[in-house]
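The following dialogue takes up the reading of one model, feature by feature. Please keep the sequence and the structure in view throughout.

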Amino acid sequence: MGDIRETVRKASLFKNLGDEEISEVLNITTEKRVHQKDLIMQEGDEGSTMYMLLEGEVEVSKALTMRFGGEDIRKAEKVLSTLRDQDHVILGEMALIAKERRSASILAKTDCVLLEIHRNDFMRLIESKPALGVKVLLN
């Protein structure tokens, strides 16, 4: 995994943060390990956490409802993309920042290591460090 600070800095949400600010963010994270095929988040659920993928791969999918005429309505799950740790992605940030419902489902394609940030901790951080909050929200 290498240096966690550099890994976090590569995520788009945190790309303009200085060393001290990255440390502040890391202070509010918790490492979470999930197994292959574990559901990390479900589309439509309320969310109070976001995650950074440190190790592994996940699938992003959306529920589709298709009408084939009359009463013939079928539901399916469509995989939109596969994300890898090398992509330095943040998952669930809109639920955390804007209190929106989860816009997609995230399934662990492999065993994964995530950094988890809870909304309350994130809000306390940006209230106590407004400049940090502005940088994150503008990224």
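**Packing, sheet and salt bridges**

Q: Which residues does Met 50 touch, not counting residues up to four places away in sequence?

A: A contact means heavy atoms within 4.5 Å. Met 50 touches Leu 13, Phe 14, Ile 90, Leu 91, Gly 92, Glu 93, Leu 96, Leu 115, Glu 116, Ile 117 and Phe 122, with residues up to four places away in sequence not counted. This is a predicted model, in which local features need pLDDT of at least 70 and side-chain atom pairs count only at pLDDT 80 or more, whereas totals for chains, interfaces and linings use all residues. Residues are numbered from 1 along each chain as its sequence is written, and side-chain values use heavy atoms, with hydrogens and water left out.

Q: Which residues touch the most other members of the largest nonpolar core?

A: In soluble globular proteins, nonpolar side chains tend to be buried together. A nonpolar core is here a set of buried Ala, Val, Leu, Ile, Met, Phe, Trp, Tyr and Cys residues joined through side-chain atoms within 4.5 Å; buried means under 20% relative accessible area, exposed over 50%, and partly exposed in between (1.4 Å probe, protein chains only). The largest such core has 22 residues, of which Phe 14, Met 50 and Phe 122 touch the most other members. At least two residues of this core come from each of helix 2 (19-27), strand 3 (49-55), strand 8 (112-118), helix 4 (119-128) and helix 5 (130-138). A second, separate core of 15 residues includes Ile 40, Met 41, Leu 83 and Ala 108.

Q: How many helices and strands does the chain have?

A: Helices (H or I, at least four residues) and strands (E, at least two) are DSSP runs, numbered from the N terminus. The chain has 5 helices and 8 strands, and its elements run α-α-β-β-β-β-β-β-α-β-β-α-α from the N terminus on.

Q: What is the order of the strands in the open sheet of 4 strands?

A: Two strands pair if DSSP finds at least two bridges between them. The order in this open sheet is 1-8-3-6, with antiparallel pairing. Strand 1 (29-34) and strand 6 (90-91) each have a single partner strand and stand at the edges, so one side of each lacks a neighbour in the sheet. Strand 1 and strand 8 run antiparallel and are joined by 6 bridges; Thr 30 has Glu 116 in strand 8 as its bridge partner.

Q: Which salt bridge does Glu 57 form?

A: A salt bridge is a side-chain nitrogen of Lys or Arg within 4 Å of a carboxyl oxygen of Asp or Glu. By this rule there are 9 salt bridges. Glu 57 forms one with Arg 84, the closest N and O atoms being 3.5 Å apart. This pair links distant parts of the chain, with Glu 57 in strand 4 (residues 57-67) and Arg 84 in strand 5, 27 residues apart. Glu 57 is partly exposed at 22% relative accessible area, and Arg 84 is also partly exposed, at 34%.

Q: Where does Lys 37 lie?

A: Lys 37 lies in the loop between strand 1 and strand 2 (39-41). Its phi is near 75°, a positive value in a residue other than glycine. With a relative accessible area of 65%, Lys 37 is exposed.
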